[in-house]
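The following exercises guide a reader through one protein chain. Each task is followed by a solution in steps.

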Amino acid sequence: MDDRSSHSAGAKIVAFPAIAKSDRVEAQSSHIDAMQEVLVAIDTAIKEAEWSPDHQDQLAICDEQAFRRRFGFAVNRLQREQIIALKHEADLTDKEIKILRSSGSLVFQNGKLSVMAPTLIAVWGYIQIVMLLLMMVLSILAAVSAHEMSWTSVAGIVMLNVILLFGMNVSNDVFIWPQRIRKRAQERQRHDRR
């Protein structure tokens, strides 16, 4: 015999009262409104928090010391505003702003900020990297072709290659990366004008 039959153990099925469809829609609507209020409050709190990007940008514009801690150099208020505006318009990182500054690519002329990173300078950077890479390859070939190698000569070749790698990184940061940043900033500005 089936234990689930309606005759066993006096089981009763109780129906829940039906809620009108309009009541359900109204309850959902008030719930959505409450959630939207919470999301607006969270968004406001994040924007006003000290660690928020908006607050950090305002602090950097208003406070020269905060700007110096963030970017590593000091400029006047008008220039700080232009740098932060460029950062947002071109979607740059703080590191990219520092690279532009250290490479001399951030130029203020007639009260206006521009990024000057000529293609010829980037070509010079590529030439330097190729030359340094050639020196690395030649030092490794010299080490491999040597008949006897002492640990001091191996250490010397390793140190030389580390220095050459560092030189490649500096060439990239000073000559090549600023030109890429300039191109990206120009593309963003052209795209935004359309």
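**Exercise 1. Describe how helix 6 and helix 7 pack, beginning with the handedness of their crossing.**

Step 1. The crossing in which helix 6 passes helix 7 is left-handed. The model is a predicted one.

Step 2. The axes of helix 6 (residues 119-145) and helix 7 (residues 151-193) come within 8 Å, and they cross at roughly 165°. Because angles over 145 degrees count as roughly antiparallel, helix 6 is roughly antiparallel to helix 7.

Step 3. Sorted by class, the residues of the contact of helix 6 with helix 7 comprise 18 nonpolar, nine polar and two charged.

**Exercise 2. Determine how helix 5 is oriented against helix 7, and which residues meet.**

Step 1. Helix 5 covers residues 94-102. Its axis and that of helix 7 are 9 Å apart, and the two helices pack at an angle of about 120°.

Step 2. The crossing of helix 5 and helix 7 is left-handed.

Step 3. On the side of helix 5, the residues in the contact are Lys95, Glu96, Ile99 and Leu100. They meet Asp173, Trp177, Pro178, Ile181 and Arg184 in helix 7.

Step 4. By class, the contact of helix 5 with helix 7 holds five nonpolar, no polar and four charged residues.

**Exercise 3. Carry out the analysis for helix 3 and helix 4, from crossing angle to residue classes.**

Step 1. Helix 3 spans residues 64-71 and helix 4 spans residues 77-89. Their axes come within 12 Å and cross at roughly 45°.

Step 2. Angles under 35 degrees would count as roughly parallel. At roughly 45°, helix 3 and helix 4 are therefore oblique to each other. Their crossing is left-handed.

Step 3. Helix 3 contributes Glu64, Phe67, Arg70 and Phe71, which meet Arg80, Ile83, Ile84 and Lys87 in helix 4. The residues of this contact divide into four nonpolar, no polar and four charged.

**Exercise 4. Locate Asp91 and Asn110, and decide whether each is buried, partly exposed or exposed.**

Step 1. Asp91 is found in the loop between helix 4 and helix 5. Although Asp91 is not a glycine, its phi is positive, about 55°.

Step 2. The relative accessible area of Asp91 is 48%. Since buried means under 20% and exposed means over 50%, Asp91 is partly exposed.

Step 3. Asn110 belongs to the loop between strand 1 (106-109) and strand 2 (112-115). Asn110 is likewise not a glycine and has a positive phi of about 55°.

Step 4. Asn110 has a relative accessibility of 84%. Asn110 therefore counts as exposed.

Definitions and conventions. Residues are numbered from 1 along each chain as its sequence is written. This is a predicted model: local features need pLDDT of at least 70, side-chain atom pairs count only at pLDDT 80 or more; totals for chains, interfaces and linings use all residues. Side-chain values use heavy atoms; hydrogens and water are left out. Axes are lines fitted to C-alpha atoms, for helices over the stretch in contact, and angles run from 0 to 180 degrees between N-to-C directions. Helices (H or I, at least four residues) and strands (E, at least two) are DSSP runs, numbered from the N terminus. Angles under 35 degrees count as roughly parallel, over 145 as roughly antiparallel, 65 to 115 as roughly perpendicular and the rest as oblique. A crossing is left-handed if the near helix is turned anticlockwise from the far one by less than a right angle, and right-handed if clockwise. Contact means heavy atoms within 4.5 Å. Ala, Val, Leu, Ile, Met, Phe, Trp, Tyr, Cys and Pro count as nonpolar, Asp, Glu, Lys and Arg as charged, and the others, Gly among them, as polar. Buried means under 20% relative accessible area, exposed over 50%, partly exposed in between (1.4 Å probe, protein chains only).
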